[in-house]
Amino acid sequence: MRTQDRASAAAKKSIAAGPVMGDRLPAPPRERKPALAALAALLVLAGALGATMLVMQAGDRIEAIKITERVPMGGVIPESAMTPVLVADDSSVNYVRWEQRGQLKEELRAATDLVGGTILVGEMLTGEETLPDDEVIIGVSLQPGQFPAGLKAGDTVAAYWVGRERNSGDEETSTQQTVITEEAQVSVVHGGGDSIGNTSLPVTLRVARADAAALTRAASAGEVSLVIIPAAK
């Protein structure tokens, strides 16, 4: 009986001393937070939707027309002054699309002065005559040496008569350089402003009506020279 009493006492002592070395303590139950988990899921979903929208918008683009050089009001926009540019398709903006550029040369004119870098929209164009009553559009054909290299639509020029005076016996005397018009606008350069050799350069000018007769007369004789001048500010 004494042996049993000693065994019982030892067992009780072991229980009172706690778990022996090597036993793991029971882990407390984890507290679940469903609200935080739902918020995290929503944030992930919102990020995915945002990335999808950006990709869709980046791909939904059209080719519009950008003006590369100045075009005066009333002037035809030459193809040399147009370049394609990608823009986001927006139904609220009346972009002029690149495939419509042929219509510009045939039917439409600039309703206002256009500067380089402008993205063309329909409101900038008109099919109506935009010249004031005191201006006209005339054409001149220039020979090499009668125009500066790089002449382009939108330039402001002065036109000079460069013919030779004749005396009473119809003999030519000194060359005269008389200003025909101090300010005219180049509407169209047909071809390029860097003509070489003996190639003539047809140019359409917008000039004051009072200067039209003298300019036309000099142009028909091949006695007109153009000089680029700073545009009026």
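**View A. Asp 89 and Arg 97 meet in a salt bridge.** Asp 89 is partly exposed, with a relative accessible area of 35% (buried means under 20%, exposed over 50%, and partly exposed in between, using a 1.4 Å probe and protein chains only). The closest N and O atoms of the pair are 3.9 Å apart, where a salt bridge requires a side-chain nitrogen of Lys or Arg within 4 Å of a carboxyl oxygen of Asp or Glu. The structure holds 4 salt bridges. Please keep in mind that this is a predicted model, in which local features need pLDDT of at least 70 and side-chain atom pairs count only at pLDDT 80 or more, while totals for chains, interfaces and linings use all residues. Residues are numbered from 1 along each chain as its sequence is written, and side-chain values use heavy atoms, leaving out hydrogens and water.

**View B. Glu 79 and Arg 101 link distant parts of the chain.** In this salt bridge the closest N and O atoms are 3.2 Å apart. Glu 79 sits in the loop between strand S1 (61–67) and strand S2 (82–88), whereas Arg 101 belongs to helix H3, 22 residues away (helices, H or I with at least four residues, and strands, E with at least two, are DSSP runs numbered from the N terminus). Glu 79 is partly exposed at 35% relative accessibility, and Arg 101 is partly exposed at 23%.

**View C. Helix H3 (residues 101–107) also contains Glu 106.** Glu 106 is exposed, with a relative accessible area of 67%. Its C-alpha atom lies 9.7 Å from that of Gly 127, which is 21 residues apart along the chain.

**View D. Arg 206 pairs with Glu 135 in a salt bridge.** The N to O distance here is 2.5 Å. Arg 206 comes from strand S10 and Glu 135 from strand S5, so the pair ties together parts 71 residues apart in sequence. Arg 206 is buried, at 10% relative accessible area, while Glu 135 is partly exposed, at 23%.

**View E. The largest nonpolar core has 22 residues.** Leu 151, Val 203, Leu 205, Leu 215, Val 224 and Leu 226 have the most contacts inside it. Strands S5 (135–142), S6 (156–161), S9 (178–189), S10 (201–208) and S11 (224–229), together with helix H4 (209–220), each supply at least two of its residues. A second, separate core of 16 residues includes Ile 65, Ile 67, Ala 110 and Val 121. A nonpolar core is a set of buried Ala, Val, Leu, Ile, Met, Phe, Trp, Tyr and Cys residues joined through side-chain atoms within 4.5 Å.

**View F. Asp 155 lies in the loop between S5 and S6.** Is Asp 155 buried or exposed? At 9% relative accessibility, Asp 155 counts as buried. Its side chain reaches the backbone nitrogen of Lys 152 at 3.0 Å. Leaving aside residues up to four places away in sequence, Asp 155 touches Gly 150, Ala 184, Gln 185, Val 186 and Ile 228 (contact means heavy atoms within 4.5 Å).

Notes. Polar contact = N/O pair within 3.5 Å; in protein donor to acceptor, adjacent residues only side chain to side chain.
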